[in-house]
Amino acid sequence: MTQIVDTGTMQPAQAPAPEGQGTGAFRTFVRQLMRSKTGFLGFCVFALMVLICLIGPMFTPNDLPTNTNLIYGPASWSHPFGFDSEGRDVLIQVIDGGRAVILVGFLAALISTVIAVVFGALAAYLGGRVDSIIVTATDIVLTVPSIILLAVLAAFYRVGDSITLAVILGVLGWPGLLRAVRAQVFSLKQREYIEAARLLDLGTGRIVIREILPNMASFILMNFVIGMTNAIYAMAGLYLLGLAPMQGDNWGIMINFAWTRGAIFFDGSLGYILGPVLSICILQLSLVTMARSFEEILNPRLRHN
Amino acid sequence: MAATESLETDEPEKGSKPAGRRSSTTRYVVGRVVKAFLTIYVVATAIFFLVRLLPGNPVDVYINQQIAQYGMSYQEAANAAAGLFSFDPNESKFMQYLHYLGGLVQGDLGTSLLSPGSSVTSQIGAYLPWTLFSVGIALIISFVLGIGIGMAMAYRRGGIFDHAMTLVASITHSIPNFLLAMMIIVFFGVQLEWLPIATMRGAYSPGVHPEFSLYFLSDAFYHAALPMFVYVLTSLGGWMLVMKSSTVETLGEDYVTVARARGLTDRRIQVQYVGRNAMLPLFTSFVLSLGFVVGGSILVEQVTQYQGIGFLLYEAVQRRDYPVLQGILLIVTISVVLANLVADLLYSRVDPRIRITSKEG
């Protein structure tokens, strides 16, 4: 929610210095993250979670046995999160359930970032009529509360698989990012070296792709991370409402079952609801921390001095 | 200038144009009003096509169901569907669309699928006020608190207070609000039994009637307390951080240096020079966030069982009550659009820069 508002208030004046054009965006990203303690910590936590969620499932049993004796069984050292309503170990489900969340969030953020960058850059660079059409469209989509729109859409057309879910989330997630990108390109396009490139008649496409976008790489990465948190928030919400595909292992499904089956009222089931809830919260926290320290890097005035 | 970015006032060069102030204000106001109506029209149209023309449309599903279940003739079923979705499936598409729009203008959003005889408008009228009440008050509380704490953070930049508050803000800011509500209910409601979650459900206690009395108000606050607390806690961090950065930004402005050089008191500089100007850019976000919180309320209200518009939406989703779904989407959008419109118009009064620099809205 408020994450979106944040990007809207990002100041276009603090463009990153046109440095490191040759280095890849990711390397710049990591190098700059190392400069902020909390940002680096967030990055480490995120990397660790991704590792556990992607590699972890290879070491867990493929079929979790249901065991009626263990329904809501107490937590112990070997089963730290206890057991669910079917007597299955919760920790294993938590490990297996992150993959879908991270992948859907990543894909959705990728889609919305691409839309935002392409149309945001076009709007700012071409200006005039193109700009006002894009801005009006953005404002309209931005005003419609997206989680309600998502809920209505998902209720009309039952979402079948995770890819569809990611596409829907991505297609609705761009307006906030687009505004941020547009503001940034506005300020970049007035720099001297862009003027110079224009005088040299290098062509719009080349100037946007070769001269403007590389200087926005870290800015775009930051917005990508924000887009991921927004997508994960919306995804968890849709799962809570029972509107996302309810198959496979997934933190969202776990929360939905624990909540709708009333698991919270059993003593031994604390882990069943807290496991996935805390996992999502920590994932979001690590992403927000990364994005925030990035904002500090891009906006030197925010830095402590 | 950068701060007013989100208000269509970009392209700083235009600021130097000595436009006639009067006419540019009128143009701005007219532009904003037109844009608000355009948004509502686009959303209403999108809903029509969503329901009627895309594959798997609920109108045909409903008609087929009626024929299969109750042995109705197609004509009877189509007539029933006409009342539900407030357009007649037998007409041409274009006439259906016109009738649908005509119905909307008269406040006719169709009839609920599952509570026969109850109009969508009356259902929304019974639930929406509670969401606006809880969300609105929570938003004001978190905005005021966030402004205060954010300013304090900016003045004590780098200190323990700043660091501690940044940490708190990052944490509350990143936890999804409905998950926080869940954790509060699990810990304080079920485990510790501090919160009487059973009696806190709903918008007010059974047997109490909405009226303007202290007794009713306290009852309403009692039921809204949990969702309101969740909204405040999860949006407070965002306000703190944005206000801090805005204040830090303002502190670097020349006019603050000039004010210091003039020897004005710190208090006066803090309140009149820095505070006021740092707050301005947040004003737009304040109203924009109304939309986000109303949107987020569907999840929080489901978790806390508070009977606002989100609760109604959840029920409608569960029971596939399509007319109610489309009605809620439209009404919530309209309320957000109107709130944004009022905010933009107020903002242009508060911040004179808007009036001078606005182009066609």
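**Entry 1: confidence**

I began with the scores for the whole model. The ipTM is 0.79 and the pTM is 0.81.

Next I took the chains one by one. Chain A has a mean pLDDT of 77, and 78% of its residues reach 70 or more. For chain B the mean pLDDT is 78, with 85% of residues at 70 or more.

Which elements of chain B have the lowest and the highest mean pLDDT? Helix H14(B), residues 352-357, has the lowest, at 54. Helix H5(B) has the highest, at 88.

In chain B, the pLDDT is below 50 over residues 1-19, a stretch with 39 contacts beyond near neighbours in sequence. Residues 356-361 of chain B also stay under 50, and here the model has 16 contacts beyond four places in sequence.

A reminder to myself: where pLDDT is low, predicted coordinates should not be read in detail.

**Entry 2: the two chains in outline**

I counted elements next. Chain A has 13 helices and zero strands. Chain B has 14 helices and, again, zero strands.

Chain A has 305 residues, and 58% of them count as buried. Chain B has 361 residues, of which 53% count as buried.

How far along the chain do contacts reach? I took contacts in chain A between residues at least 6 apart in sequence, and 73% of these join residues at least 24 apart. In chain B, residues 24 or more positions apart account for 69% of the contacts with a separation of 6 or more.

**Entry 3: a helix pair in chain A**

I picked helix H6(A), residues 146-156, and helix H7(A), residues 162-172. At what angle do H6(A) and H7(A) pack? The angle is about 145°, and the axes are 11 Å apart. The crossing of H6(A) and H7(A) is right-handed.

Then I listed who touches whom. H6(A) brings Leu149(A), Leu150(A) and Leu153(A) to the contact. H7(A) brings Ile168(A), Leu169(A) and Leu172(A). The residues of this contact are six nonpolar, no polar and no charged.

**Entry 4: cysteines**

How many disulfides are there over all chains? The count comes to zero.

For Cys44(A), the nearest cysteine sulfur is that of Cys53(A), 16 Å away. Cys44(A) is in no disulfide. Cys44(A) is partly exposed, with a relative accessibility of 34%.

A disulfide needs the two sulfurs within 2.5 Å. Cys281(A) is buried, with a relative accessible area of 6%.

**Entry 5: Arg198(A)**

Arg198(A) is in helix H9(A), residues 192-199. Its relative accessibility is 38%, so Arg198(A) counts as partly exposed. Leaving aside neighbours within four places in sequence, Arg198(A) is in contact with Tyr125(A), Lys189(A) and Ile207(A).

I also took the distance from Arg198(A) to Tyr272(A). The two are 74 residues apart in sequence, and their C-alpha atoms are 59 Å apart in space.

**Entry 6: two residues of chain B**

Where is Thr250(B)? Thr250(B) is in helix H9(B), residues 214-251. Is Thr250(B) buried or exposed? Thr250(B) is buried, because its relative accessibility is 5% and the cut-off for buried is under 20%.

I listed its contacts, leaving aside neighbours within four places in sequence. Thr250(B) touches Tyr255(B), Val256(B), Tyr273(B), Val274(B), Asn277(B) and Ala278(B).

Last, I looked at Gly117(B). Gly117(B) lies in the loop between helix H4(B), residues 93-105, and helix H5(B), residues 120-155. Gly117(B) is exposed, with a relative accessible area of 75%. Gly117(B) and Gln318(B) are 201 residues apart along the chain, and their C-alpha atoms are separated by 20 Å.

Note on methods:
Residues are numbered from 1 along each chain as its sequence is written. Chains are lettered from A and ligands numbered from 1 in the order in which they are written. This is a predicted model: local features need pLDDT of at least 70, side-chain atom pairs count only at pLDDT 80 or more; totals for chains, interfaces and linings use all residues. Side-chain values use heavy atoms; hydrogens and water are left out. Axes are lines fitted to C-alpha atoms, for helices over the stretch in contact, and angles run from 0 to 180 degrees between N-to-C directions. Helices (H or I, at least four residues) and strands (E, at least two) are DSSP runs, numbered from the N terminus. A crossing is left-handed if the near helix is turned anticlockwise from the far one by less than a right angle, and right-handed if clockwise. Contact means heavy atoms within 4.5 Å. Ala, Val, Leu, Ile, Met, Phe, Trp, Tyr, Cys and Pro count as nonpolar, Asp, Glu, Lys and Arg as charged, and the others, Gly among them, as polar. Buried means under 20% relative accessible area, exposed over 50%, partly exposed in between (1.4 Å probe, protein chains only). pLDDT is the predictor's confidence in each residue, from 0 to 100.
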